Amino acid sequence: MPNVREAGRPARRCATLVAALLLALVPFGAGAPGTAAARAAPAADAAWTASAVPAPTGALPVGVRTAHLRDTSRRDPWNPDRYRELALSLWYPALPSRAPRASYVTARESALILRFHRVEGVPADLLARFRVHARTAPPPLPAPARGLPLVLLSPGFALPRSSLTGLAEELASRGYAVAAVDHAYEAPAISHPDGRVTGCLACRRHPEGARVAATRAADLRFVRERLLRSPGAVGLPRLDPSRVAVVGHSMGGAAAFEALRTDAGFAAAANLDGTVHTGGRSPVNRPFLLLGAGEHGRPGADPTWQRAWRDLSGPRRWLSVRGAGHLSFTDYARLLERTGTAGEEVTLGAADAGRVTRELVVAFLDERLRRYGPRLDTAARQDPEVVTHGR
């Protein structure tokens, strides 16, 4: 992964860690002679249709669709010959369905992700063999008159939107509409309706983090406006324009802060272990969650979080998770655990890290978008791994 100045040492480790986790998924006998894959014991084909993420715990069935939006008011900063284009995965409460479970990524995306991380000797469609729990494009469950709250998800730089699938499914199973955004030319593989699959053009340019965060904040504003204007056009149920939040990992967390800082249309936001690249020009008077691990979880270790904390004039929380690493807030932690290369500082099991992430994010959104009461503090107290800072 390029050394984009966006998350310090955790970001620079991402390429090695992601490559390691992908190699750990090598199926039986797929590697070249003498490789670990070739020496691996045979496994059943059924193992490769298993889900890459844990089952959501909410009561509602989940559906997923894809959508593509084109913002003709902006040229793409990484490819000025084209307008800004955004690929979305849309997760939503669905009617019961026998539609097939969706794939984690497409076969073409899998091939490009593997190539990007220089993983060789494995089937090109390796990541496409995994299934998620959501069904493919079933009818949405009718929304209440007020409409559903909407959560936008922004992944880390050079990570695909699929890396936040587990969180997306969890939120949808609990009654949220969710849009995971692939920001154009900032991920290894983004499919488009005309058959193009674009790569991470921005990765070659080593952009400043503040520029990427500002570009993404504009993306998120555009996505929010388009989805609220015509949710039915993309297969979503009715949405509530007063209850829209952003949750992002790594660079996506920086974008979440910038989106909340610059756009009153977002009601709340959360940053999952991401350096904050902007701020100081105006206070953020709406709810914001800083949820971190390692460098971003300890007060004093990341000055950008301290600056962001001072910029937060509304309801704010700063939590860290003991034993978690930078990728612990994504689906990749579950896969990475097989390799034993997650880093010495990562001692929390992937299942626990994923559970804690989902519980805290859901509690934060339930509290701030649904007014369910002080859910976040209660959830934090119930998990011994969670530490509260900055109170």
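Helix α4 is followed by Gly175, a residue whose phi is positive, near 100°. The buried set in α4 takes in Thr165, Gly166, Leu167, Ala168 and Glu169, and continues through Glu170, Leu171, Ala172 and Ser173, where buried denotes a relative accessible area under 20%.

Turning to the packing of nonpolar side chains, the largest nonpolar core has 54 residues, and those with the most contacts inside it are Trp91, Leu153, Val247, Leu291, Leu360 and Leu365. Helix α9, which covers residues 350–369, gives the most to this core, contributing nine residues. For Leu360, the contacts, leaving aside residues up to four places away in sequence, are with Leu291, Leu319, Leu376, Ala379, Ala380 and Val386.

As for confidence, the chain averages a pLDDT of 85, and 82% of the residues score at least 70. Over residues 1–13, however, the pLDDT is below 50, although this stretch has 38 contacts in the model beyond near neighbours in sequence. Residues 25–49 likewise have a pLDDT below 50, with 39 contacts in the model beyond near neighbours in sequence. Where pLDDT is low, the predicted coordinates should not be read in detail.

Key: Residues numbered from 1 in each chain as written. Predicted model: local features only at pLDDT ≥ 70, side-chain atom pairs only at ≥ 80, totals over all residues. Heavy atoms only, no water. Buried < 20%, exposed > 50% of the residue type's maximum accessible area, 1.4 Å probe, protein only. Helix = DSSP H or I, 4+ residues; strand = E, 2+ residues; numbered from the N terminus. Core = buried A, V, L, I, M, F, W, Y, C linked by side-chain atoms within 4.5 Å. Contact = heavy atoms within 4.5 Å. pLDDT = per-residue confidence, 0-100.
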